[in-house]
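Below is a brief report on two features of a protein model.

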Amino acid sequence: MLSKLTSNQKMLLGISGLILLIGIPICIASILLIKSQLVPQPTSVPILDITYCGANPQDICVYSFGRDGAGDTIITLFLPKDLQDFYLKINKISGEALYECEKNKVIENSAYCIGEALLLGEQIEITILSIDGDIPIAYGKFAVTAILISSQNQDSSSLPAQTPSPVSATKTFTLTPTPNSSYPNETDNTSTPTNESDASTSSTSYPNYP
Amino acid sequence: MIHVLQDGFLTFQNHFWLIICIYLVILWGQIVMQYMLSKIFANQFTEDEYFALSLSGWIFPVFVWAGIYFLLNILLGKIIAGIISTIIFIIPFFSIKFKKISPMIFYLSLFLLLSLFLRLALLEQAIFPSYFDSAEHYRVIQYFLSMYQNESWSVNWFMLNYNYYYHTGYHFLSATLIYLFRFNEISFMLVFGQILLALLPISFFFLLKQITGSNTIAFFTCLIAGFGFHMPAYLINWGKYPALLSLVGVQFVICLGYILIKYSVVQSSKSKLYLLVCLSVFITALIHTRTLIIFALVTVLFFVSYQTKKLSIRSQYLSLLLLFVFLGIEFFYIFQSPVLSLLLTGYTQRDLWSLILVLLLIPFSIKSFPNLTFFLLTILCLFMSLLFFPVSLFDYGTQTLLDRPFVQILAYFPLSIIIGLGFASLLFTLQQPPYIRSLINFVMFSFIFLNLNFNYNFYPSDCCQLVSRDDVSALSWIGNNLPDNTKVLIPSNRLYVTAYESTQTQAGVDAGIWITPLFGKDTILSSTETNFEIESVHMLLCSKSIQYIYIGSMPQSFNQISLASHPNWYDPVFLLPKTQVYELIGCQ
């Protein structure tokens, strides 16, 4: 019977086609099923070293430490492009703390993380882990030598020189609402001068576009 | 300069697809423009002249294409508009014929590539587009984007929301490209600006090639226009992107104007040329309405200098002398004005070497190109004179026809051409012995190289980067955590550009100006010298329902100490080294 089958080329081709037609989808489905059941293994990609940011950061780094209203610590980070969503795990003497991180949607290479307060002088280990799979991305050791002082000074030294006005006891100021525009527009100016009794309030203005 | 190129290359890698897509659009514009020009001028120009001129005018076909897409979007819907626009975009690329390019085109392309990498270096340090103008440009771009995204767009919606005209052309074009290619708006503004800067000098090649007939002079003038003066690159620090885009239009229209005067075009092509000129003027005016004043001035001056040509030599020199006297008087009064003096100090402090070169070459320029030099100097003179005469315009209050920043931007144009003409005259004058010409060429090109290395700044100026990395985090926190109806107090200073502004006109001075455009939350401007330690101030803030106070990273932001000293009135909610957000509490 087999010889009859093999001698008939047309039948042979048809059977081969049928096998392929059924077999290939079964194989693909099996592979996908097995893949989805596999536990993701830690990759062999080396963990990045995280440090304080320099003048022109390129790799992931810590930009500054701060704090919020609840006393929690804020850590701002510079991120390389297309970094997956992540969180921080901070190991310190008092234990481990997890920090939730928010990537900045407008500027892709920036994020801030908020978590348990850190103490000045504390030695900490920061591990950045991916939210998906808890895969370590970066690691670094820090000494919290200062809070509210950034890792580098930038842009604060030179400025459009402002002629300081004498500080008086009371000052008039104008509150100008900008509901639609942050650009000063005289037609939308609904300023409400307040303390009318004040006299010398106009400060010397420095021309714009220095 | 090596580290500048390295930074530029890094930026190129980081924004690779954005840059490639923008360049594809520019290339498309150039191909279409070249086709149109070849229909008008046939074989009147060389290959490199066509290359330079068509690249100078790329924005006009692109603008028309964007307009077609916009109209099709409204009339036929997104999908059909997308298909038709894609077809229109693809077709010109099939007309590209691969052939051997001339050496000059190769050198120009190399120059443009180098220029691009040098310009991109700025983005290594620029976090956000600079200064307060950029925030408004972003906001208006978002407005046009919402028009594309708003399925129920209507004329009524347009009239309700578009409450004042503001550089419509730039915002419309930017929004269309961002929408079509799904760019990030901030990245687009930054990258597009640098690409425009990289390509801007190319129109000088065409112009000087036409005037002098020399590739060397034309190429040199390209370099001087690109890297000899702080303008137009410096305007990036002011966030004046519409002005930058309008320069592309102005320079192209001036090239067309020169062609109109110089060449007698075949009658059938004349109408096409006039149409092209009118369309270019219209689109350029849409981008920046003040360019109409430039076009008007140039047209009037053309006729004036044409009449001057008919005068005797003695009278011509007398006119020139009077012009120098008038320029001197203008310089004097400009220097006296605290608002206007920045025009002169901007050039003397940053471009002293180039100005010395201008002074050295002016006699040669006058010798060989008297009418053109007279024309250029008069243009400069008129630009500056318009700084002194106020006009009241509709709801815009008192303005001047040209303001100091715009004149400061434009001044590089006549100065660069004068240097080019002077160089040409120098070479014509000192023809023998031949090694002298080589020596002069070497000195002139070395000047550019030295200026690039020791004087030119490719990075953002400290003056105007309102947004630091801490600001980015604070802004993000505000966007994520504060409710939509939040009112945030941000610092401001008097707007002081022409000295005719009302004292009520305020401009934001730190990153707080980005809160409204980015997140739609209301911001209230208040003087940087607001004394938060006074109870009446606290009461006023409470009465105005202000909930938060933003202190950015600029030195002219609010004084944080005055807020920190009253914890019962101002509660710190987000503190970083350079940026703080306080909540207003203790309101009765």
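## Pocket and patch

In this predicted model, the lining of the largest pocket divides into 22 nonpolar, six polar and four charged residues. That lining counts 32 residues. The space inside is about 1,300 Å³. Nearest the pocket centre lie B:Gln30, B:Ile31, B:Gln34, B:Phe51 and B:Ile96.

Three helices of chain B, H2 (16-41), H3 (47-56) and H6 (103-120), each supply at least two residues of this lining. H2(B) gives the largest share, with nine residues.

Now the surface. A nonpolar patch covers about 950 Å². Its members are B:Leu71, B:Ile74, B:Leu75, B:Leu76, B:Ile79, B:Ile80, B:Ile83, B:Ile84, B:Ile87 and B:Ile91. The largest share, five residues, comes from H5(B).

Is B:Ile79 buried or exposed? B:Ile79 sits in helix H5 of chain B. The residue is exposed, because its relative accessible area is 66% and the cut-off for exposed is over 50%. B:Ile79 is also one of the residues that make the nonpolar patch.

| Feature | Extent | Helix with the largest share |
|---|---|---|
| Largest pocket | about 1,300 Å³ | H2(B), nine residues |
| Nonpolar patch | about 950 Å² | H5(B), five residues |

Notes
Residues numbered from 1 in each chain as written. Chains lettered and ligands numbered in written order. Predicted model: local features only at pLDDT ≥ 70, side-chain atom pairs only at ≥ 80, totals over all residues. Heavy atoms only, no water. Patch = residues over 30% accessible without salt bridge, like charges linked within 9 Å, V, L, I, M, F, W, Y side chains within 5 Å. Areas by Shrake-Rupley, 256 points an atom, 1.4 Å probe, with all protein chains shown as cover. Salt bridge = Lys/Arg side-chain N within 4 Å of Asp/Glu carboxyl O. Helix = DSSP H or I, 4+ residues; strand = E, 2+ residues; numbered from the N terminus. Buried < 20%, exposed > 50% of the residue type's maximum accessible area, 1.4 Å probe, protein only. 1 Å grid on protein atoms, 1.4 Å probe; cavity = no way out; pocket = protein on both sides within 12 Å on 5 of 7 lines; lining within 4 Å. Points joined across faces, edges and corners; volume = space filled by probe spheres on them. Nonpolar A, V, L, I, M, F, W, Y, C, P; charged D, E, K, R; others polar.
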